[in-house]
Amino acid sequence: MTKPPRLPRSKPLLLDDSAPLQSRKIRKRNPAQPALPFDPMPLRVEPALAALLKKPPAGGQWGWEVKWDGYRVHVHIEPGRVRVLTRGGHDWTRRFPAIAEAARALGPATMILDGEAVMLDEKGRSDFGLLQRSLGATERKMGTLASPAILYAFDILYLDGHDLRRDEYKTRRQKLEEVLEGHEGAIRLSEAVDHDPAELLEHACGLDLEGIVGKRRDSRYRSGRTGDWVKLKCVQSDSFMIVGYEPSTSSPASFGSLLLAAYKGDVLEYVGSVGTGFKERDATQLRKMMDKLSWKRKAPPVAYSGKRKVVWVQPTLIAEVEYRAWTTDGKLRHTAYKGLRERQDNADVYRLIE
């Protein structure tokens, strides 16, 4: 004699289609059971900055990579929204459409990438002048163009509900490599190089790169110049405010040199001039822009004791300038003009030690 089939212990979901469907009541969470941690995504993070050194630090606790010459940005990726924020906090998403599109392709994960927006020359080197021309920085309507710039990402600050700034750099670096694995479009990984930094710097300078950046492998992400990140440059390059120009003796539509200033506290201080590195077309456009900013006051915008004929202008335009050294009286030596930085984002203007 066969046994009748055993009835199921639980009532099948559709056994009685006339009865209303109802799930069990949700139990209250046991307070002894820890909740999964979740960190809200920050709206903006002040970037970590690299301190300039003359020689590499001792010890093997540093990770090294190429120093890119462009605009520092943070890329915020959320469901349905991407933001590309400059160091000064300005939203340049529309100005970097290729980066924004590549960021959307990294979704649906939420993350914040830290990196440098650059344009590359035919040899694969970042070129600040190319980047500025792609942004329309020397046109009459300055900064109105969208650039095909790409992003070299070198850190990740947030990923899927977790604030990674508390993690060590070596851990963040591993997560960044995992996130960007297989992506070689407009967002690329800034490769880490495990090599002697002195030899690495020499090699970088031989390739006409800007320099190298080192990061302590055990350091957390801390905003500002904390010493956890350092940089060594082949040639010094910084941003200075244009406060005037010396008229050209050969072309009435151009100029002989630009007079530069840096911040000392909240006051601008004259730090010298630059008279080389200008392309003719850029110089003509720049002269037109400066003439619209002519200084109307009797006293110049900075203290000046020189005897050159100077046309003073409102401190609005920011020049990126290469230089070899500083003189003993605080002036730039062996300068060359590289391009204009954006007027709205003056976070990079050089600051003198008070």
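Biologist: Hi! Which residues line the second largest cavity?

Modeller: That lining is made of A48, L49, R220, Y221, R222, G224, T226, D228 and W229. This is a predicted model, where local features need pLDDT of at least 70 and side-chain atom pairs count only at pLDDT 80 or more, while totals for chains, interfaces and linings use all residues. Residues are numbered from 1 along each chain as its sequence is written, and side-chain values use heavy atoms, with hydrogens and water left out.

Biologist: What counts as a cavity here, and what as a pocket?

Modeller: Both come from a 1 Å grid over the protein atoms alone. In a cavity a 1.4 Å probe fits but cannot get out, whereas a pocket is an open set of points with protein on both sides within 12 Å along at least five of seven lines. Lining residues have an atom within 4 Å of a point.

Biologist: Got it. How much space lies in that second largest cavity?

Modeller: About 30 Å³. A volume is the space filled by probe spheres set on the grid points, which are joined across faces, edges and corners.

Biologist: Which strands supply at least two residues of its lining?

Modeller: β1 (48-52) and β11 (224-233) do. β11 gives the most, with 4 residues. Strands here are DSSP E runs of at least two residues, and helices are H or I runs of at least four, numbered from the N terminus.

Biologist: Do β1 and β11 run parallel or antiparallel?

Modeller: Parallel, joined by 4 bridges. Two strands pair if DSSP finds at least two bridges between them. As an example, A51 has V230 of β11 as its bridge partner.

Biologist: And how many bridges link β10 to β11?

Modeller: There are 5, and that pairing is antiparallel, with β10 covering residues 211-216. V213 is bridged to K231 of β11.

Biologist: Switching topic: how many cavities of 30 Å³ or more does the structure hold?

Modeller: There are 2. Lining it are R44, V45, P47, R72, V73, H74, H76, L85, T86 and R87.

Biologist: Where does the largest share of that lining come from?

Modeller: From β3, with 4 residues. Along with β3 (71-78), β4 (81-86) also supplies at least two.

Biologist: Nice. On to pockets: what volume does the largest one have?

Modeller: About 950 Å³. It has 39 lining residues, and A50, R87, R225, K231 and D238 lie nearest its centre. The elements giving two or more residues to this lining are β1, β2 (62-66), β3, β10, β11, β12 (236-247) and β16 (318-323).

Biologist: Which of them gives the largest share?

Modeller: β1, with 5 residues.

Biologist: How much space lies in the second largest pocket?

Modeller: About 550 Å³. It is lined by 27 residues, with D69, D127, F128, E322 and K338 closest to its centre. Helix α2 and strand β19 (336-341) are the elements that give two or more residues to that lining.
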